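Trainee: I'm new to this one. Could you walk me through it, one question at a time?

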Amino acid sequence: MLQKCKVYRHIIHGIIINGCENMNKILIVEDDEKLALELRRLLQDNNYEAEILNDFEHALDEIISVNPDLVLLDINIPFFNGRSLLKNLRDVSNVPVIMVTSLLSEMDEALSIINGADDYVTKPYNPNILLLRIGAVLKRSNNASDTLMYKDLIINTSRGTIKRGVDEIILTKNEMIIFSYLVMHKERIVSRDELMTSLWDNDEFINDNALTVNISRLRAKLNTIGYGEAIDTRKKVGYILK
Amino acid sequence: MKFLPFLLDKIYALIIGLCSLVIILLIFMAFRVDISIILSVSIVLLVSYLLLFFISYFRKTKFYSDLTSNSKMLDKAYLVLETIGEPTFYEGKIIYDVLYEINKSMLENVNEEKRQNREFKEYVLMWIHEVKIPLSSILLTISNHKGKRENQIKRDLKRLEDYVNQVLYYVRQESAEVDYLINEVDLASVIKEVGLKNMNVLLEENILYDVQNIHEKVFTDSKWLEFILGQIINNAIKYRRNIKKSYIKIYTIRKKDNITLVIEDNGIGIPASDLKQVFNKSFTGENGRIRGKSTGMGLYIAYSLCEKLGHKLSIESEVNKFTRVSVTFYCNDYYEVIK
């Protein structure tokens, strides 16, 4: 059993967003206005509080006064280079930072990590993947536990179990990835594309049929603890937890 | 510089010298000069004449021999002036000065070309940087405003991004400057990144992305490797067969001193006659002609990048059966040093 725990902890990385706690505030440092607005919309649609940095000349002061839970920092910004801004920021704050750049290079990435970035994404980023990365970094910084709650269910992602009172069911890795993703985004409809991205991000390269099969197996297992109707299908859109 | 051609070159001087000697002798004889005087005068004349020849030969031979042999030996012949001393004789000085001027103007020209080339590359890099901003913006916009054509637009955006990245890596592999960084890289994570990037197309075309248990680590630049694998996967998708169970199988083969990453598909394959040329620049081959849309650059760039990183890219195929592309990572001393 101990062995199994270890495996799960490794596997489920990156999909646990602490959505059940207070909303996390993300600061967008990006000088392209249109892009920044779309990014804010994406984050807001996914239950984050998002703000856009206005004053690039006094970027550091603004970051500190906004006091975000995470900063999305573009490397190419006016006045300061994103990297030197990060360096200055690290002197005063430990806020998690994800660097954003359009020229993917190992050198850039290494320098950013040395300067204290928590992760690194390249433009154009797939929105689903960006959200996964944000979730993973926030989870690390919040020291979120492996336990999720949904109604009276206690979900242990690293052990792969769901408890309801004395009843317990054991999920496979794929089922757990799907269910925990649904739980973390329980307030909205989750598309198949998102579920798929989350699975592939955990090295489970399954196809459409397999996803359908996994979901029906998951439903069957949930049925045994009285939650057979929990996952609702919204035709052509996705799934939502009832 | 050889003596005989030198002598032949001076044949007119020899003839004039000999003629004047004969004339002098004839004059002496006409005046019935004593034979011993005739002899001594001719000896003095001959000796001084030969002396002139030899001195002139030896003064020149060092300069010209160095010039010819050094310029043959150097792989950059234009650097020859740096290897020889300035000559002490007049003709040599003229040649030396002219060569120096020619060299200077050639170098100025080359530097100007280099500067323009560098500026162009900088511009291309800047352009790539700029063009990715609207690309990101479009991608975010269509995700935020979901519509019918979302997947179609996303697919075209992916193609656009691929073409842009191809230019980026073409510029990178052409540059003399090193901008890669060798690190210990987890193969599985690179394969995952490439998979995520191609997920939508793979699912839409129902191609199985079959990654077998891979846990090796290799020394490489992860971004470059990601691009290389991306090119291989792109080709596997592009040249799939119209069958139900298309797959891309990815696995590793571990040997004593190397690790080979194999990407195998069951696509249309490559004719044997084309197989040797697929890594050549701008080669499109039969498949490219049939399916169109081939620039012939993807595999060429991938191959060049592999060469720079010290990996080996190779390919096997059988028409209508499989294509198997292998990237071999050597565990040699070079990487030991970097460790």
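Mentor: Let's start at A:N67, which sits just after α3(A). The phi there is positive, at about 55 degrees. Keep in mind that this is a predicted model, where local features need pLDDT of at least 70, side-chain atom pairs count only at pLDDT 80 or more, and totals for chains, interfaces and linings use all residues. Residues are numbered from 1 along each chain as written, chains are lettered from A and ligands numbered from 1 in written order, and side-chain values use heavy atoms, without hydrogens and water.

Trainee: What is the mean pLDDT of chain B?
Mentor: pLDDT is the predictor's confidence in each residue, from 0 to 100. In chain B, 95% of the residues reach 70 or more. The mean for chain B is 88.

Trainee: Which residues of helix α3 of chain A are buried?
Mentor: Buried means under 20% relative accessible area, exposed over 50%, and partly exposed in between (1.4 Å probe, protein chains only). Helix α3 of chain A covers residues 59-66, and its buried ones are A:A59, A:E62, A:I63 and A:V66. They span an arc of only 100 degrees around the axis (taken from the directions from the helix axis to the C-beta atoms), so they are on the same side of α3(A).

Trainee: And which exposed residues does the face turned away from the buried side of α3(A) carry?
Mentor: The buried side has its cover, which includes β1, β2, β3 and α4 of chain A. The face turned away from that side carries the exposed A:D61 and A:S65.

Trainee: Is A:K123 buried or exposed?
Mentor: A:K123 lies in the loop between β5 and α6 of chain A. Its side chain joins that of A:E30 in a polar contact of 3.2 Å; such a contact is a pair of N or O atoms within 3.5 Å, and within protein one must be able to donate a hydrogen and the other to accept it, with residues adjacent in sequence counting only if both atoms are side-chain atoms. With a relative accessible area of 2%, A:K123 is buried.

Trainee: Which residue forms a salt bridge with A:R133?
Mentor: A salt bridge is a side-chain nitrogen of Lys or Arg within 4 Å of a carboxyl oxygen of Asp or Glu. The count between chain A and chain B is 4 salt bridges. For A:R133, the closest N and O atoms are 2.8 Å apart, and the partner is B:E193.

Methods:
Helix = DSSP H or I, 4+ residues; strand = E, 2+ residues; numbered from the N terminus. Contact = heavy atoms within 4.5 Å.
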